[in-house]
Amino acid sequence: MQGGSNKRKEVLISSKVLIDAGVSNTENDERAVDALARVIEKEDFASMDVVGQFNLGFIIARRRKNTSPSSSVSVSQELQVMDDLFIVDQHASDEEYNFETLQLTTRIQSQKLFRPQPLELTAADELLATENIEVLRQNGFEIEVDDSEYSGQGSRLKLVAQPISKSTVFDMKDLEEIIHLMRDRPTGQMVRCSKARAMFAMRACRKSVMVGMPLNSHQMLTVMRHMGTIDQPWNCPHGRPTMRHLLDITTIDSTSIIQSAPIDWSAFQ
């Protein structure tokens, strides 16, 4: 009896997750993103099939895979086969790929200061900045280290150049934000301040596949494969989910009549 109870609980949880990840959830993007991360693994994107394009804005993709039953719960043969349709926002997904690519590869241009500016940092932050000097350089902040005997802890670093952009003005607060973010990251891992993230999000949006653009099979497949190569494929830089669960094909058969509530597709535009 206990095994049957656990099985029913597992099915109920699975159903709830599918609902949160589904197209009917148009009000809570955060819950949809969390559910999608539980429904699909990034490795799945490498084997997904493209069914076609819908409304010149969405890609319909099919994920078929076998799953191993839980060792503690008796699972029927039907539950071991996963066969699902997903609807993918072609702009949001391509935008997130371009955004993450810009985040990792872009070196922000810098402008030399007329006079180097001493940085007053704690000994811990000074060490952090020194260990991540290349990350700072990628962000446009160029630092010089004074190793002379006259320089004390917390006064060894000088800012000699700061980032410059046509549309974004950077200042010392941005450098402080970057150093703060570095505290929770491994040495050498790229971090960006919020201004840079907003700048990259705007650039990614402009260069991405747009809604209303017809895509051929190769272009749609490229968008899908790219999603499996990025860190956060579940939502775009603006927080909008890149995809939703559309249908569990294993729950229907050739004689089924699918009846569901109307879908408000305008919520996905």
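Predicted model: local features only at pLDDT ≥ 70, side-chain atom pairs only at ≥ 80, totals over all residues.

Modeller: With a relative accessibility of 8%, Trp-234 counts as buried, because the cut-off for that is under 20%. By the ring-pairing rule there are two aromatic pairs. In one of them, the ring centres of Phe-45 and Trp-234 lie 6.0 Å apart with the planes at 40°, so this pair is tilted. The pair ties together distant parts of the chain: Phe-45 belongs to the loop between helix H2 (29-39) and E1, while Trp-234 belongs to the loop between H8 and E7, 189 residues apart. Phe-45 is buried too, at a relative accessible area of 0%.

The other pair is Phe-54 with Phe-58: here the centres are 6.3 Å apart and the planes at 35°, so this one is tilted as well. What about burial? Phe-58 is buried at 4% relative accessible area, whereas Phe-54, at 32%, counts as partly exposed.

Now follow the chain into the strands. E1 and E2 pair antiparallel over five bridges, and Gly-52 stands opposite Ile-60 in E2. Three residues lie between the strands in this hairpin, and Asn-55 takes a positive phi near 60° there. On we go to E3: E2 pairs with E3, again in the antiparallel sense, over nine bridges. In that pairing, Asn-66 faces Val-81 in E3.

So where does H8 come in? Helix H8 covers residues 217-227, and Met-220, Val-223, Met-224 and Met-227 are buried in it. Looking down the axis of H8, you'd find its buried residues within an arc of 95°, so they line one face of the helix. There's a handy bit of background for that: an α-helix has 3.6 residues a turn, so residues three or four places apart point the same way. And what do the buried residues of H8 pack against? Their partners are strand E1 (49-54), strand E2 (58-66), strand E3 (81-89), helix H3 (90-105) and strand E7 (243-248). At the start of H8, look for Asn-216: one of its side-chain oxygens comes to within 3.1 Å of the backbone nitrogen of His-218.

While you have the model open, take a look at another sheet. This open sheet has three strands in the order E4-E6-E5, paired antiparallel. Strand E4 (110-118) and strand E5 (142-145) are at the edges with a single partner strand each, so one side of each has no neighbour in the sheet. On average, neighbouring strands here are turned by 20° against each other, ignoring direction. E5 is joined to strand E6 (residues 157-163) by four bridges, running antiparallel, and Glu-144 sits opposite Lys-158 in E6.

One last stop is Lys-16, which you'll find in helix H1 (residues 2-21). Lys-16 is partly exposed, at a relative accessible area of 44%. Lys-16 and Ala-35 are 19 residues apart in sequence, and their C-alpha atoms are 8.9 Å apart in space.

Technical notes
Residues numbered from 1 in each chain as written. Heavy atoms only, no water. Helix = DSSP H or I, 4+ residues; strand = E, 2+ residues; numbered from the N terminus. Buried < 20%, exposed > 50% of the residue type's maximum accessible area, 1.4 Å probe, protein only. Arc of directions from axis to C-beta. Contact = heavy atoms within 4.5 Å. Polar contact = N/O pair within 3.5 Å; in protein donor to acceptor, adjacent residues only side chain to side chain. Phe/Tyr/Trp six-rings, centres within 6.5 Å; stacked < 30°, edge-to-face > 60°. Pairing = 2+ DSSP bridges. Axes fitted to C-alpha atoms, helices over the stretch in contact; angles between N-to-C directions.
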